Amino acid sequence: MSGVARRTVVAAAGGAGLAAALTACGGGGTDDEGPAPEGGGTLARTGDIPVGGGKVLADKGLVITQPKAGEFLAFSSKCTHAGCAVSSVKDGVIVCPCHQSHFDMSDGSVKSGPATAPLPPEPIQVVGEEISLG
């Protein structure tokens, strides 16, 4: 591949990345919110997730909740409004600190905006006391 072609490919890839970043900030809330979290192994232990609360795993792009004892759910931690990372789970809601969007911890739906689309669910599995991507 010549140097010019390589620069063209790099420029095209950079433009695609910019378009993806701008789309994420647009808050369209489509099903295509980016790649699913990668990795394997244990994300958390069941004892790490309080009943009626949750835990944000910033490095994995996930928030795991436990709405009822023994019921564990996971959602993308990327707010559907402007792409900020949610920061906490309290009083039954997942909170985005950027513009104060609140999402229901039991299904990811919007409780208060400016977000209008729910947090996308992420597949997890619980085996014994270990929670992993499913």
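Two strands count as paired if DSSP finds at least two bridges between them. Keep that in mind for the views below, which come from a predicted model.

View 1. Starting at the N terminus, the order of elements is α-β-β-β-β-β-β-β-β-β-β. The chain has 134 residues, and 31% of them are buried. Now look at contacts with a separation of 6 or more: 43% of them link residues 24 or more positions apart.

**View 2. An open sheet of 4 strands.** The strands line up in the order E5-E6-E7-E8, and their pairing is antiparallel. At the edges sit E5 (88-90) and E8 (110-112), each of which pairs on one side only. From one strand to the next, the twist averages 35°. As background, strands of a sheet pair through backbone hydrogen bonds, either parallel or antiparallel.

**View 3. Zooming in on E5 and E6.** These two strands pair in the antiparallel sense over 3 bridges. Find Ser 88, and you'll see Val 95 of E6 standing opposite.

**View 4. Val 93, a residue of strand E6.** Strand E6 covers residues 93-95, and Val 93 is part of it. Is Val 93 buried or exposed? Val 93 counts as buried because its relative accessibility is 11%, and the cut-off for buried is under 20%. Skipping neighbours within four places in sequence, Val 93 is in contact with Ser 88, His 102, Phe 103, Met 105 and Lys 111. Pro 67 is 26 residues away from Val 93 in sequence, with 9.8 Å between their C-alpha atoms.

View 5. Strand E3 (residues 62-68) pairs with strand E4 (residues 71-76) in the antiparallel sense, over 5 bridges.

**View 6. The largest nonpolar core.** This core has 12 residues in all, including Val 63, Phe 75, Cys 79, Ile 94 and Leu 119. Apart from it lies another core, of 10 residues, and among them are Leu 43, Leu 62, Ala 74 and Ile 124.

**View 7. Ile 94 and what it touches.** Which residues does Ile 94 touch, not counting those up to four places away in sequence? Among them are Val 63, Phe 75, Val 86, Phe 103, Met 105 and Leu 119. Ile 94 also touches Thr 65, Ser 88, Ser 101, His 102 and Asp 104.

Definitions and conventions
Residues numbered from 1 in each chain as written. Predicted model: local features only at pLDDT ≥ 70, side-chain atom pairs only at ≥ 80, totals over all residues. Heavy atoms only, no water. Core = buried A, V, L, I, M, F, W, Y, C linked by side-chain atoms within 4.5 Å. Buried < 20%, exposed > 50% of the residue type's maximum accessible area, 1.4 Å probe, protein only. Contact = heavy atoms within 4.5 Å. Axes fitted to C-alpha atoms, helices over the stretch in contact; angles between N-to-C directions.
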